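Here is a short briefing on side-chain contacts. Look at the sequence and the model first, then read on.

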Amino acid sequence: MTKYVAAFLIAASLGGLLAACAPGGGGSPMIGTVWNLVSLNGESLVPGTTITAEFRDDGKIGGTSGCNAYNASYELSGSSITIGPAMGTLMACPEPIMDQETAYLGYLQDAARFAIKGETLTLTTGSGEDLVFEAQNQELAGTSWTVVSYNNGKEAVVSVILGTEITAAFGDDARVTGSAGCNSYFAGYEMDGTSISIGPAGATEMFCGEPEGVMDQESQYLAALQSAATYSIQGSILEFRTASGALAVSFERAGS
């Protein structure tokens, strides 16, 4: 009987070791959380910028590096981490932001080990530089947002018309309310993890002639809102995406 117990223990140990060494690192608590960078090797971030990292269970990491979106592969083994070269978009931002982005991506790719304490994640490079993150609260209920851009239903993401404002407030009563640019609207919403479903919207029936296109914008926004299938909060930015991964609506936290 003893030999069977020993064999079982050896198999269990090997299984745990293989899981720890697998891409994505099995069930690490860092996976599935959006992490906001709060310290870049002891320095605060450039005011008004947000840097995030989300480690997914497919062995990929992605987020915003302050100006551009980025992604890379990663592997975990115990408390060790290896992050591959990052690929990103090619937007240009003011020099301090670009310098910060370059430093962040450099340290990220040099990360050699990680530690999680409570809601804090620290990545440390082989030469001792630290990236300190805090877990981002993904709760949507009780938050208010202003729309930055939306999918117009014509395979284009467009900005809100100058001189108009579209808002969304997600209540604890599972209702979203706000201004669609001319009329007030309301709809029910349901969430399951980062999945979201928003029901048909009801609205007041005012007509606004100015600025030009505001009524088309209103109907396109409400359609985009109802197309949302998933959501993510990264710092002061909320994104809704469709089931196919297309951007539906991008919001900025009200008052930010």
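Does Glu239 count as buried, partly exposed or exposed? At 24% relative accessibility, Glu239 counts as partly exposed (buried is under 20% relative accessible area, exposed over 50%, partly exposed in between, with a 1.4 Å probe and protein chains only). This is a predicted model: local features need pLDDT of at least 70, side-chain atom pairs count only at pLDDT 80 or more, and totals for chains, interfaces and linings use all residues. Residues are numbered from 1 along each chain as its sequence is written, and side-chain values use heavy atoms, leaving out hydrogens and water.

**Salt bridges**
- The structure holds two salt bridges (a side-chain nitrogen of Lys or Arg within 4 Å of a carboxyl oxygen of Asp or Glu).
- Arg241 and Glu239 form one of them, at 3.2 Å from N to O.
- Arg241 has 30% relative accessibility, so it counts as partly exposed.
- Arg56 and Asp58 also meet in a salt bridge, at 3.7 Å from N to O.

**Aromatic pairs**
- There are seven aromatic pairs (ring centres of Phe, Tyr and Trp, the latter by its six-membered ring, within 6.5 Å; planes under 30 degrees apart are stacked, over 60 edge-to-face, the rest tilted).
- Phe170 and Tyr189 pair edge-to-face, with centres 5.4 Å apart and planes at 85 degrees.
- Phe170 lies in strand β12 and Tyr189 in strand β14, 19 residues apart (strands are DSSP runs of E, at least two residues, numbered from the N terminus).
- Both Phe170 and Tyr189 are buried.
- The planes of Phe240 and Phe251 are at 70 degrees, with centres 5.1 Å apart, so this pair is edge-to-face.
- Phe170, Tyr189, Phe240 and Phe251 form one aromatic cluster.

Conventions: Helices (H or I, at least four residues) and strands (E, at least two) are DSSP runs, numbered from the N terminus.
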